[in-house]
Amino acid sequence: MSIKILNIVNMNVKLKVLTAGALFFIGGQVVMAQKKKDSVETRNIEEVVVVAYGKQKKETVVGSNLQITSKAFENRPITNISQVLAGAGPGIQISTSTGQPGSGLSVRIRGISSYSFSNEPLYVVDGTPYTGGISALNPNDIESINVLKDAASTSLYGSSAANGVILITTKRGKSGKDSFGFTASTGFINRSIAEYDRVNAAQYYPLVWESMRNGYLTTNPTATLAQANTYATNNLISGNLKNNVYNVANNLLVVDGVLNPSATLKYKDLDWQSPIIETGVRQNYDLTYSGSNGKSNYFSSLSYINEKGYIINSDFQRFNLSINADSQVKSWLKVGTSLKGVSSTSNNAVDGANNNSSYINPYAWTRNIGPIYSPYAHDSDGNTLYDLNGKPIFDNGVNRGSDAAVGRNVIWENSLNKDLSKNYYVISRAFAEIKLDPFLTVSTNVGYDIRNYRNHTYTNKVIGDALGSGSAARTIYTYQTLTFNQLINYKRSFNSHNFELLGGHESYKYYYDYLYGYKRNQIVDDNYEFSNFVTLSSLDSQKDTHSKESWFARFNYDYKLKYILSASIRRDGSSRFAPDVRWGNFWSLSAGWRIKGENFLKNNDLISELKIRSSYGEVGNDGLDTYYAYKSLFALGYNNASEAGILYSSIADPRITWESNNQMDAAIEFGLFKNRITGTAEWYKRKTEGMLFSVPTPVSAGIPGSSIRQNVGDMENNGLEFAINAIVIDNENLKWSINANASTFKNKVTRLPDGQNEIINGTKKLMVGTSIYDYWLRQWYGVDSTDGSPLFLLADTYAGTSAADIRTVNGVAVTTNYNKAKYDYSGTAIPDFTGSFGTSLKYKNIEFNAQFNYQLGGKTYDSVYAGLMNAYTQGAALSTDILNRWTTPGQVTDVPALNSSTYVSSGAASSRWLVSSDYIQLRTATLSYIFNPEYIKALGLSNLKFFISGENLWSKTARKGLEPVQSFNGTTTNRYTPSRAITFGMNFNF
């Protein structure tokens, strides 16, 4: 047996000979020497966890702190570090990112703290609050991510901590030899969620004909069936769809509801998806250099990522350069710096991510255009027309039905238009730590971040919004943040009593500089600079500043690592609020009992760890949409020729101040069988008081925006969290572990603005006792089997009345008129359970990891599907579910008859469009092979690994095409569906 021990700092060594090898206790470390191995495995006895403004022994942590190490996401094909948080642990809810390369997730920690304003957590990078884009960070530079969930762990961040805190710690140099590392991966990107099924051209024409025939009979009750059939046949093309892709006359295409059996397609290029949706490519390269010379350690990395999305003209490129260095200059002085430079370029799918109603949203178009229109122009015989270069000529959309975006062409416009964004970041940190004596340390930290964003859009003059003129726009803004803190830390032990006191002061300043310009009337082609446009339509600029001043302190105590107490307080002042309400106090108290430390459990072989903990505290939220919340504002630029114009833009409540978030937490942490099984069970309750709210006002009051920002209303969240990890097999050749977590949360409004009993917003209604995500909808009853009419429960207002649109079906009062429908609560978007489960399997040199995410309960309002179930389309696509429509008296179905006269009622917003939000997803999987060190030593390598990894690999939902975690409020939109990424790669060190 060969044993090599480095950096022995204490020669007081106790040795115990084991069967498998030798276990050494050396200077506070466990060193395991195994037979037939040239190296030793070293583990720290005292596991340290990153906490607010420092680190802490894991045994003494009494806050809810979820730590995710780099091992959990190494080699995964992720571009945005926020993607790591999906399913990473209990209490974290996410809405999926779009497929736009570089996009990230939206994150909620333990529910909802604010109704009108921000629910996003605070991000802290290397000890300093970070307000730049998370997409700037290179995942391979991250050492760990800590998610702070309760007041005990977040209260030192005070007014910014109501939505939780995410601490991101980047890699530093480590002791040992200098090391070079290189990772390369490449793979492909495609769509992760299948499209809704839709009818084809042969099915489409008869369905539209049927709708027109039924509508004619409804509006002309004395007409015969033959007359209605003739009307539909003669007007199907000329009066509605405008386009006939078959080789028969328009008035012979559909006769008596049947597609002419002699009809054949004149052309078949009716697919809009293939020209615009393709297979993307992803490439990622990382080079690192790190090491230490005893007194100093250093880490540097250079990274490049290029991700081409599966929608044409969508891609993301990023260059990252990172340099971290720490040095123990004197025995009493340590200094360090961190500098990151980032350049990223994003070619955005025009209107494809956020603009649901845009005519050239690639998803809205390819999903909703009827299957009888081609992207390309044809002559009367169906022959494709070509230009002088031999390329097919695009169709300009003149001959389309009114629902099919007349005069537009998404493929043509996306090939001509441009939407390019560039970001330049500098993320810098520096610290100095002075040890005044063995117990007292003072330190100072400074962080300076700058982000320069430039966006250039061009809208062509050939087709679309800028037809005949062309237009260009430029958006430029710069964010700068400067954070400066000073900390003093006193740490002392007396016998078995351990004390730590932290005190600090922090200043935060934020600067924002914005410029926007828009010009029209392009002069020459292929030049997109402003000088090539004639008419200045808009020019605007803006500057904002925001600052905070903070004082804080924390006290930690434990006795023999058994009885643990912690208290913290922070006082924040924010420039957002008026001077007399500017300052707020935020605090927490927490306690823990590490039962495993008691004598009666010390030698217990079953229970290897057991701790209970609890906390209570208050944190805040000032995440408003303005930096001048207490000031009424005016808007400039409303000029009349040379006469200046100014308008009231907002009216303020000068008393507005922080949202207060009071949090209670209780948990049990356990380990069994020498920690082969570990887990936590946790309960929390959060109450938001003085909720920041855009309070609606009557239009007649003349208040801009018909609302005023105020502190009104209260809200509660409570939930349970569970997590368990088990090492099933652990021997020399085979290691297998499994893990699972689950979360619940409930939300309830407990107070609304004075004088307002309810607030209706879209598909939701707020009332005391309900959730902000409870659906308030017309109550869908079903389909009348006698005539196929859509039925709604009758509103109480009309009870006992009679009218042609009111019926009694099976003893229930119903109506065919959606305006008389009863509104009621119809479930919630909040799921019953969310979580994940996964496994890690290692057999000799082969390693496999996989994670599944799931959600149970809750409902999604699928407006996208509703649009495909139109009972009278004029050129828009139809779901294959429309084939289940009512057609015959006595038929039982949940799809009303197609009818051009009653289609508005059929498609009205109602509980009909709610669908289960249950889903399961194979979020990520990685298979890797690690070479034995002795095989690669001759190559000068210390590590060599090949791997294949994937993201968003598979999912199962209640309906094909559905994205149940697209948004927290349960609504859907036509957006760039998330991507599936599969990459192959290798990494090595030398």
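Q: Which polar side-chain atom lies 2.8 Å from the backbone nitrogen of Tyr-363?
A: One on Asn-361: a polar atom of the Asn-361 side chain is 2.8 Å from that backbone nitrogen. This is a predicted model, where local features need pLDDT of at least 70 and side-chain atom pairs pLDDT 80 or more, while totals for chains, interfaces and linings use all residues. Residues are numbered from 1 along each chain as its sequence is written, and side-chain values use heavy atoms, leaving out hydrogens and water.

Q: And which backbone oxygen lies 2.8 Å from a polar atom of the Asn-361 side chain?
A: The backbone oxygen of Asn-974. A polar contact is a pair of N or O atoms within 3.5 Å; within protein, one must be able to donate a hydrogen and the other to accept it, and residues adjacent in sequence count only if both atoms are side-chain atoms.

Q: Where is Asn-361?
A: Asn-361 is in the loop between strand 20 (333–347) and helix 6 (362–368). Helices (H or I, at least four residues) and strands (E, at least two) are DSSP runs, numbered from the N terminus.

Q: Is Asn-361 buried or exposed?
A: Asn-361 counts as buried because its relative accessibility is 0%. Buried means under 20% relative accessible area, exposed over 50%, and partly exposed in between (1.4 Å probe, protein chains only).

Q: How about Asn-810, buried or exposed?
A: Asn-810 has 73% relative accessibility, so it counts as exposed. Asn-810 sits in the loop between strand 42 (806–809) and strand 43 (812–815).

Q: How far apart are Asn-810 and Tyr-424 in space?
A: They are 66 Å apart, C-alpha to C-alpha, and 386 residues apart in sequence.

Q: Zooming out, how many helices and strands does the chain have?
A: Eleven helices and 51 strands. Along the principal axes, the C-alpha atoms fill a box of roughly 105 × 70 × 70 Å. Of the 990 residues in the chain, 52% are buried.

Q: Which residues make the nonpolar surface patch?
A: Phe-188, Val-728, Trp-736, Ile-738, Leu-841, Ile-846, Phe-848, Leu-927, Tyr-929, Ile-948 and Phe-984 make a patch of about 860 Å². Its members have over 30% relative accessible area and no salt bridge, with nonpolar side chains joined within 5 Å.

Q: Which strands each supply at least two residues of the patch?
A: Strand 36 (734–751), strand 46 (846–856) and strand 49 (919–930).

Q: Where is Phe-984 found?
A: Phe-984 is in strand 51 (residues 979–989). Its relative accessible area is 44%, so Phe-984 counts as partly exposed.

Conventions
Patches are made of residues with over 30% relative accessible area and no salt bridge: like charges are joined within 9 Å, nonpolar side chains (Val, Leu, Ile, Met, Phe, Trp, Tyr) within 5 Å. Accessible areas come from the Shrake-Rupley method with a 1.4 Å probe; for residues, only the protein chains shown count as cover. A salt bridge is a side-chain nitrogen of Lys or Arg within 4 Å of a carboxyl oxygen of Asp or Glu.
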